[in-house]
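Here is a short walk through a structure, helix by helix. Keep the view open as you read.

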Amino acid sequence: MTIFSTFNPSVRSNLVILFAAGLCFWAGLAGLLPTLPLFISTLGGSGQQIGIVMASFAVGLLVARPTLSRLADDRGRKFVMVIGLSAIAIAPFGYLLVQLLPHLTVPIAFGQRTLTVDLSILSLMAIRAFHGLSIAAFVVAYSALVVDLAPADRRGELIGYMTLVNPIGMALGPALGGFLYEASGFVTAFLVMGILGLVGLLLVSQLDEPPRPSFDSPYQSSKKPEMFWGLLWTGRIRTPALVLLLVGLAFGTLSTFVPLYVQETGLALNVGLIYAASAMASFSSRLVVGRASDRYGRGRFITASLAIYSLAMGLFWLAESAPAFLLAGLVQGFAAGTLIPMIAALMGDRSSPSDRGRTFGLAMVGFDVGIALAGPVFGTIADGIGYRGIFGLAGVMTLAGVLIFITTSSKDLRHSLQFSLAHGRDVYAVDLASVAQDPL
């Protein structure tokens with residue numbers, strides 16, 4: 001990690017504060033994963049209602065993503081990180097307050113049918129949607145600020161190190177949340193997650209956000225929503241977003257259906273071990289891949305990570321024993337720990353400080369949509385082909401992602417093959433020394 005010794009004390013201080021705030025964010029968010037479904041059930045929520053409440057997170061994320069991505073460019077990264085951490089701090093208290101509401105059900109007539117609406121469940125859905133904007137805000141602003149602080153020739157290395165907050169926080173948060181719940185119940189577990197958000201807010205308040213250059217990006221990003229979404233179809237964003245859509249479907253399948261798949265196979269396996277194996281592998285890959293991509297190019301690492309992701313889904317499809325599931329988790333974690341930082345670095349290469357938030361936000365929309373669709377789409381398919389079958393299907397989709405990236409990652413087939421398989425130049429990369437150049 002010699003890169004940190006190259007920064008002046010002010011930048012090093014910013015990076016330390018940013019990393020600590022990121023840990024608070026991810027631990028506070030993930031700490032509710034093992035407890036929130038149980039909490040909803042204590043309020044009378046059925047299995048279907050629990051699923052609807054949990055899925056409301058993606059609704060808030062998707063709705064807030066465009067506005068918050070623009071705000072990260074227009075109002076600053078620090079401002080948007082405050083929004084994300086505020087959601088982390090407030091949401092746990094909101095869930096607890098639902099217990100104080102009277103348990104009311106309201107029948108709503110639709111022609112010949114009557115739908116009974118539980119006001120407690122509706123309140124939880126609203127809070128969960130509000131909770132979802134946390135990722136839409138914090139992740140985009142955090143990534144953009146890391147790229148702002150990184151020297152261009154070592155951008156991948158710094159992103160690799162700074163995104164370690166994700167696997168560390170995702171490992172510590174659920175462990176802490178589960179322990180507090182077992183020891184003291186929901187109230188203590190939820191309050192501590194809210195306090196983590198408050199600590200993150202305190203840390204972010206100490207950030208000294210560097211001024212961004214005043215020149216415009218060669219990719220002019222209008223503030224109008226219709227023009228914002230139009231950028232999604234430009235060459236520099238379209239393929240990464242599509243690839244992340246396919247990976248999001250696979251990741252959503254993994255995070256939603258692995259417990260049911262293990263149960264279907266009849267194995268006595270703690271599913272948490274699979275996720276732990278994934279987190280450890282993700283941590284390891286981020287330590288080395290980012291630095292290597294600065295030297296050898298982003299394209300070949302993205303191609304390799306997609307191929308490895310396909311291998312992981314194939315291993316899940318074939319798994320019939322506990323070691324096989326753990327191996328699949330390790331392979332998936334290594335692939336994810338390579339892919340996400342590489343996409344972040346790629347989007348950093350393809351944007352200027354003036355539109356970095358928009359660029360990150362649009363690329364990640366594909367991942368958001370994939371995760372949101374995975375539950376209902378693959379849950380329906382699983383009724384027909386079983387849980388093993390949907391992991392095989394997920395592998396086919398990520399394999400399609402490999403082919404899409406290899407053939408469309410640049411402006412034409414020749415440049416795409418060179419960029420994705422060799423050390424070809426990224427023609428969409430923004431040369432900040434010559435911002436007038438427009439490769440579109």
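The model is predicted. Start where α5 passes α14 in a right-handed crossing. Helix α5 covers residues 119-149, and helix α14 covers residues 356-408. Their axes come within 9 Å and cross at roughly 130 degrees. Angles over 145 degrees would count as roughly antiparallel, and 65 to 115 as roughly perpendicular. The pair is therefore oblique.

Now look at the side of α5 that meets α14. Val140, Ser143, Ala144, Val147 and Asp148 come from α5. Arg356, Gly357, Phe360 and Gly361 come from α14. By class, this contact has four nonpolar, three polar and two charged residues. An α-helix has 3.6 residues a turn, so residues three or four places apart point the same way.

Stay with α5 for its length and its cover. How far apart are the end C-alpha atoms of α5? At 1.5 Å a residue, its 31 residues should span 45 Å. The end C-alpha atoms are 46 Å apart, which agrees with that expectation. Helix α5 is also mostly covered, with 24 of its 31 residues buried.

Move on to a second pair, α10 and α12. Helix α10 runs over residues 235-265, and helix α12 over residues 298-318. Their axes lie 12 Å apart, and the helices pack at an angle of about 25 degrees. Under 35 degrees counts as roughly parallel, so α10 is roughly parallel to α12. Here the crossing of α10 past α12 is left-handed.

Which residues make this contact? From α10 come Val243, Val247, Ala250, Phe251, Leu254, Val258 and Tyr261. They meet Leu306, Tyr309, Met313, Phe316 and Trp317 in α12. The residues of this contact divide into 12 nonpolar, no polar and no charged.

Follow the chain on from α10 into the loop between α10 and α11, where Gly266 lies. Is Gly266 buried or exposed? Its relative accessibility is 62%, so Gly266 counts as exposed. For a sense of distance, take Val59, which is 207 residues from Gly266 along the chain. The C-alpha atoms of Gly266 and Val59 are separated by 34 Å.

End in helix α11, residues 271-296, which holds Ser278. Buried means under 20% relative accessible area. Ser278 has 13% relative accessibility, so this residue counts as buried. Leaving aside residues up to four places away in sequence, Ser278 touches Gly329, Leu330, Gln332 and Gly333.

How values were computed:
Residues are numbered from 1 along each chain as its sequence is written. This is a predicted model: local features need pLDDT of at least 70, side-chain atom pairs count only at pLDDT 80 or more; totals for chains, interfaces and linings use all residues. Side-chain values use heavy atoms; hydrogens and water are left out. Axes are lines fitted to C-alpha atoms, for helices over the stretch in contact, and angles run from 0 to 180 degrees between N-to-C directions. Helices (H or I, at least four residues) and strands (E, at least two) are DSSP runs, numbered from the N terminus. A crossing is left-handed if the near helix is turned anticlockwise from the far one by less than a right angle, and right-handed if clockwise. Contact means heavy atoms within 4.5 Å. Ala, Val, Leu, Ile, Met, Phe, Trp, Tyr, Cys and Pro count as nonpolar, Asp, Glu, Lys and Arg as charged, and the others, Gly among them, as polar. The expected span of a helix is 1.5 Å times one less than its number of residues. Buried means under 20% relative accessible area, exposed over 50%, partly exposed in between (1.4 Å probe, protein chains only).
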